[in-house]
Amino acid sequence: MLIRQDDNSEDREESIEDLTSKVFKLIVEQGKEGILQSRLWKELNLTSRDGSRIAMRLEKRGLVTRQRVLENGRWTFRLIALRLPLDTTSIEGAPCITCNLESMCTEDGSVSPNTCRLIENWVLVEMSKRMDAKKDITNTTTATTTNIQIESMQE
Amino acid sequence: MEYEDTFVKIAHLLGGDDYVRVARALLNNEDTTDEEIASATGLKINTVRKVLYDLFSKALISGIRVRDEKKGWFVYRWRVKRDNVDTFIDGQKRKILERLRIRLQYEESNQFYHCGNYSCPRLTFEQAVDAFFRCPSCKAPLNLADNSMLKRAIVAKIDELSKEMQKNGEGSA
């Protein structure tokens, strides 16, 4: 029974973390203007308890600032992003980050980027992913165009 | 992951889910101990320690040694070094970019020969001549290997990295 409770609390913690990243995304999208706390909770369908918890968590991490503002005669908070998260997409899956031989890697050394199979595989996989993504977009566009053509023919 | 804290993103790049859980626990409770992290994440204490030492070795977290009042022994309280997080990502990108440029130059300035077996190494023209166009590993004949796909893949990754670094204002690539 205790274990089940622990599992539930862990699941809840995970879902709060997921929500934290969603909330931060929405705040970032509003730019310098920020977003009213009450509007944010409505958009994400959150209770004010969970919402305030998330806002305080983001403030504690130094990612947002909470400004107290009077809106329609009621005090609320405006959440404004303080710093944007750095983009790490381009180095996702890069072998160098976790390579044990990284400190020995030099152009003329026994461990070298010139002979590294890992870096070679990584760039090739990344390129094939990009090509697949492009294919998907093309297929979707073609399918949509075909549907439109069929609909216009039927009319 | 796109809108996660940068520290959590790094943790994900370094070691996946276990690292992410430890990173989030560190962000939620500043100056926390390995045991507190283990109970908050449900991970084994050994796993938590392994992750903490790895993050510490990369200067992403710092530890303060304090005496545990109940037990009397010393424990470490860990804290995220926020200032080092962006520098770490920037450094990784620069290193990878530099390695890709070195590799591209090598690919462009050489002709390669290969026997067709994945486990055997590719040889440059000079090495192939010395080996009488026979693979030193499996003795199969060597043929000219087309590296145009690899060159395109490296160029595409270099472009992506350079653009991302400029977008994030991480200096000129």
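Visitor: How many helices and strands are there in chain B?
Guide: Chain B has seven helices and five strands, counted as DSSP runs numbered from the N terminus (helices H or I, at least four residues; strands E, at least two). This is a predicted model, where local features need pLDDT of at least 70, side-chain atom pairs count only at pLDDT 80 or more, and totals for chains, interfaces and linings use all residues. Residues are numbered from 1 along each chain as its sequence is written, and side-chain values use heavy atoms, without hydrogens and water.

Visitor: And what pattern does chain B follow along the sequence?
Guide: Chain B reads α-α-α-α-β-β-α-β-β-α-β-α. Its radius of gyration is 23 Å, well over the 16 Å from the globule rule for 173 residues, so chain B is more spread out than a compact globule. That radius is taken over C-alpha atoms, and the rule is 2.2 Å times the number of residues to the power 0.38.

Visitor: OK, α2(B): is it mostly covered or mostly open?
Guide: Mostly covered, with nine of its twelve residues buried, meaning under 20% relative accessible area (1.4 Å probe, protein chains only). Among them are Tyr19(B), Arg24(B) and Asn28(B).

Visitor: Switching to chain A, how do β2 and β3 pair?
Guide: Strand β2 (residues 64-71) and strand β3 (residues 74-81) of chain A pair in the antiparallel sense over eight bridges; pairing takes at least two DSSP bridges.

Visitor: Which residue in β3(A) is the bridge partner of Arg66(A)?
Guide: That's Leu79(A). In the hairpin, two residues lie between the strands, and Asn72(A) takes a positive phi near 50°.

How values were computed. Chains are lettered from A and ligands numbered from 1 in the order in which they are written. Buried means under 20% relative accessible area, exposed over 50%, partly exposed in between (1.4 Å probe, protein chains only).
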